[in-house]
Amino acid sequence: MNSPIAAARPRAIDRVNQSLKRRYAAERRFRFLGASAVVIGLLFVTILFVDIIGKGYTAFWQTSIQLSIYFDPEVIDPSGERDPQELRRADYQKLARDALRAEFPEVQRRQELRELYGLLSTGVAQQLAERVQANPERIGTTEAVWLLADDDVDMLIKGKIDRDLPESDRRVKDRPLAWIEALEAKGAIEKHFNTPFFSNGTSREPELAGIAGALMGSFYTLLLTLLFSFPIAVATAVYLEEFAPKNRWTDLIEVNINNLAAVPSIVFGLLGLAVFINFFGVPRSTPLVGALVLTLMTLPTIIIASRAALKSVPPSIREAALGVGASPLQTQFHHVLPLAMPGMLTGTIIGMAQALGETAPLLMIGMIAFIVDIPGGATDAATVLPVQIFLWADSPERGFVERTSAAIMVLLAFLIAMNLTAVMLRRKFERRW
Amino acid sequence: MRKTLIAAAVTVTAFAATVSVQAVARDTISIVGSSTVFPFSTAVAENFGRTTNFGTPKVESTGTGGGMKLFCAGVGVGTPDITNASRAIKASEYDACVANGVKDIVEVKIGFDGIAIASSKDAEQLDLGLKEIFLALAKVVPDPEGSGKLIPNPYKTWYDVRANLPKIEIEVLGPPPTSGTRDAFAELAMEGGCKTFEQIKALKATDEDQYKAVCHGIREDGHYIEAGENDNLIVQKLVANPDALGIFGYSFLEQNADKIQGSKVGGVEPTYDSISDGSYPISRSIYFYVKKAHVGTIPGIAEYVAEFTSDKAWGPEGYLADKGLIALPDAERKAMAKDAQAMKTIGKPAK
């Protein structure tokens with residue numbers, strides 16, 4: 001059998017061995033590419049997070065100045081009757097100003113006094129009023145109170161304004177800087193946890209601006225969106241998947257639902273303006289109209305996810321239920337829906353997370369607005385978190401830079417929490433057949 | 001499960017039904033309009049809400065044109081009470097207003113807004129004329145060879161534009177065409193420089209559309225970069241790149257005076273005083289318009305106007321000056337405040 005011809009004929013295994021090295025290399029390259037794609041993705045996410053957190057974490061602390069305030073009865077309550085109306089109307093800013101003058105008695109000229117008063121935020125009146133209203137016994141006493149500093153002072157203390165620059169280039173001039181340094185030396189300037197950031201509505205003064213208004217707006221909008229979209233989406237999915245005959249009409253509907261999922265969101269805003277506001281007269285800028293528009297936007301997402309969830313329930317379940325005498329309706333509600341529910345909820349949460357981060361459709365229906373009052377219901381004018389971020393990012397004051405990042409952090413926290421819930425729901429309830 | 005689903009469905013329908021029939025009363029002022037006036041309008045709104053018993057007005061930033069459209073849509077609680085504008089109302093807009101029943105409009109001129117051409121503090125301060133701005137940024141310019149034709153902009157560096165300017169590439173970050181700042185820049189700076197060429201000026205009489213296209217057309221070959229509406233972003237980019245210039249409102253220059261400087265235009269630096277007395281050439285008046293029919297129906301409009309036109313707000317030492325508003329001269333401001341508080345209406349504007 002040792003014929004030369006047979007020896008010369010290449011054996012299959014040799015060819016395999018020969019190519020083996022190349023194939024291993026190809027696999028290594030592929031793995032490397034895959035891994036580097038993941039690394040690049042993670043790198044960008046890290047850069048994003050580091051940048052946002054680096055810029056924003058300082059916003060959670062706010063500079064305050066300690067002054068000993070004399071709650072002058074002459075100013076607060078001249079009639080001496082403790083009338084709540086009178087207590088509310090009093091000129092509390094004057095109390096703070098008097099305290100500042102007592103701190104720096106050498107300041108006399110009008111222009112200098114203006115600069116001195118500028119160290120404090122215009123929000124201190126509110127702060128002092130709340131103190132007096134909480135306990136009217138304070139009137140007539142003297143108390144050391146931490147008062148909010150102006151945003152420029154805050155930026156200086158946080159090191160965002162360089163003290164070494166020449167005076168002409170610095171927003172905090174030499175005189176106020178000397179006062180601030182004197183207060184600092186006394187230990188009368190401190191940074192405190194920024195609770196107003198979570199309890200105030202927005203403001204044009206960075207030190208007073210908070211996200212409570214936007215948070216409540218987002219809350220009402222999302223609640224209504226969920227209330228509108230979930231029942232409609234589930235009903236649509238169940239009907240199309242389980243009951244509807246397969247014909248040209250249902251095909252058409254299906255194609256349209258899939259198309260709807262890909263329509264740019266601004267289009268839904270235009271539709272909302274034309275239909276809900278101009279035709280039905282739903283009030284502009286309210287969570288209600290926002291929710292109606294966002295419902296249109298999230299419906300296709302939830303419908304598609306719900307149909308997929310229904311499809312994954314094996315037919316044997318339905319057949320068994322029908323076999324023991326359940327009606328089609330009972331089959332659906334007692335057996336199929338409970339099994340499909342985790343998938344549907346996952347889709348819903350992802351749809352809601354999308355709605356939470358949306359701004360474009362809200363532009364047309366007047367939710368990109370400056371609204372100070374915290375909305376108390378679904379028909380009050382409101383804005384939402386991403387819009388608040390957009391508006392702050394566009395404000396000229398330096399103090400809004402950190403607030404923008406802080407608001408982004410809050411929004412990201414909510415998004416992460418929602419997506420995590422979706423993942424956990426799937427882990428916990430998902431059944432595999 | 002079944003019961004909850006049905007209950008939810010019923011709630012939804014009931015809710016939708018009540019909403020559609022409900023006539024919505026409004027007790028807060030609704031303001032729309034220009035994004036340039038937005039920072040001032042919101043500051044007044046906030047102070048107004050804080051110091052009076054009225055609710056804080058809602059201020060939407062829709063742009064001047066968008067605001068006019070909403071404002072002129074009619075009379076009634078569904079339409080805004082006040083619109084902000086970074087230019088005066090146009091005759092066509094006035095006609096649209098009147099056609100929709102908005103007959104009595106009060107115009108309030110609130111001050112000036114300068115447009116700065118700024119660069120990083122690290123860069124050399126430029127001294128540009130309107131002519132140089134036009135030559136550096138226009139889409140078509142008169143042929144420097146002297147052929148008398150309009151040719152696509154050949155200038156690459158500032159040195160090419162004028163020999164005593166530095167030899168750095170022209171790179172200008174500015175607002176996109178949708179912005180009111182861009183409109184004002186095109187009208188004041190570009191057209192101002194454009195008019196200095198006899199050849200183009202002659203065009204105005206013969207072919208006005210062509211004239212406008214030449215004077216307002218900004219180059220699209222990468223030397224002018226549309227940086228979006230976010231002026232803070234432009235500031236950051238200028239700091240990172242000392243060779244670039246940026247175009248934005250004066251208030252951003254004022255807030256960031258430690259990082260950026262305004263280029264001189266026609267030898268004048270953009271400062272509060274130079275914009276106020278009109279010697280800085282790229283500045284415009286800003287306005288708001290009040291729907292007189294709503295005064296008395298929507299509570300607080302008269303008081304809002306009074307707050308806006310009080311010296312503690314729009315005066316040279318008022319809180320709006322801190323936000324970057326450049327106040328009207330004293331006499332004009334007094335007269336304007338009187339007219340505004342008396343709700344004096346305007347007639348049809350000339351153009």
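Which residue of β3(A) stands opposite I65(A)? The residue is I189(A). Before going further, keep in mind that this is a predicted model.

That pairing belongs to a sheet you can trace in chain A. Strand β1 (residues 61–70) of chain A runs antiparallel to strand β3 (residues 189–193) of chain A, and five bridges join the two. β1(A) also pairs with strand β2 (residues 142–148) of chain A, again in the antiparallel sense, over seven bridges. To find your place in this second pairing, look for S68(A), whose bridge partner in β2(A) is A144(A).

Now zoom out to chain A as a whole. The chain is divided into domain 1 (4–57), domain 2 (61–199) and domain 3 (212–429). Between the C-alpha centres of domain 1 and domain 2 of chain A there are 62 Å.

V132(A) counts as buried, because its relative accessibility is 0%. Setting aside neighbours within four places in sequence, its contacts are F71(A), I76(A), L87(A), Y92(A) and I139(A). R426(A), by contrast, is 294 residues from V132(A) in sequence, and their C-alpha atoms are 52 Å apart in space.

Next, the backbone. Most residues other than glycine have a negative phi. With that in mind, look at R82(A), where phi is near 55 degrees, a positive value. R82(A) sits in the loop between α3 (73–76) and α4 (84–89) of chain A, and is partly exposed, with a relative accessible area of 37%. S285(A) has a positive phi as well, near 60 degrees. Its place is the loop between α13 (265–279) and α14 (287–311) of chain A.

Over all chains, a search of the whole structure finds 19 aromatic pairs. Take F60(A) and F198(A): their ring centres are 5.9 Å apart and their planes meet at 10 degrees, so this pair is stacked. The two residues come from distant parts of the chain, 138 residues apart, with F60(A) in the loop between α2 (12–56) and β1 of chain A and F198(A) in helix α10 (residues 196–199) of chain A. F60(A) counts as buried at 14% relative accessibility, while F198(A) is partly exposed at 36%.

A tilted pair is formed by F104(A) and W179(A), with 6.1 Å from centre to centre and 45 degrees between the planes. F104(A) lies in the loop between α5 (92–103) and α6 (110–117) of chain A and W179(A) in helix α9 (residues 174–186) of chain A, so this pair ties together parts 75 residues apart in sequence. F104(A) is buried, with 6% relative accessibility, and W179(A) is buried too, at 7%. Returning to F60(A) and F198(A), ring pairs link both of them with W61(A), F193(A), F197(A), W392(A) and F400(A) into a cluster.

The charged end of K167(B) sits over the ring of Y159(B), 4.5 Å from its centre. In a second case, the charged end of K291(B) sits over the ring of F71(B), at 5.0 Å from the ring centre.

Our last stop is the disulfides. How many does the structure hold over all chains? There are two. One joins C72(B) to C97(B), with 1.9 Å from S to S. C72(B) lies in the loop between α3 (64–71) and β3 (82–85) of chain B and C97(B) in helix α4 (residues 91–99) of chain B, so the bond ties together parts that are 25 residues apart in sequence. With -70 degrees about the S-S bond, this link is left-handed. C72(B) is buried, at 3% relative accessible area, and C97(B) counts as buried at 0%.

C194(B) and C215(B) are also joined by a disulfide, S to S 1.9 Å. This pair links helix α7 (residues 180–194) of chain B, which holds C194(B), to helix α9 (residues 208–216) of chain B, which holds C215(B), 21 residues apart. Counting bonded cysteines along chain B, the disulfides follow the pattern 1-2, 3-4.

How values were computed
Residues are numbered from 1 along each chain as its sequence is written. Chains are lettered from A and ligands numbered from 1 in the order in which they are written. This is a predicted model: local features need pLDDT of at least 70, side-chain atom pairs count only at pLDDT 80 or more; totals for chains, interfaces and linings use all residues. Side-chain values use heavy atoms; hydrogens and water are left out. A disulfide is a pair of cysteine sulfur atoms within 2.5 Å. Helices (H or I, at least four residues) and strands (E, at least two) are DSSP runs, numbered from the N terminus. Buried means under 20% relative accessible area, exposed over 50%, partly exposed in between (1.4 Å probe, protein chains only). Two strands pair if DSSP finds at least two bridges between them. Domain bounds come from an automatic or database domain assignment. Contact means heavy atoms within 4.5 Å. Rings of Phe, Tyr and Trp (its six-membered ring) pair if their centres lie within 6.5 Å; planes under 30 degrees apart count as stacked, over 60 as edge-to-face and the rest as tilted. A charge sits over a ring if NZ of Lys or CZ of Arg is within 6 Å of the ring centre and within 35 degrees of the ring normal.
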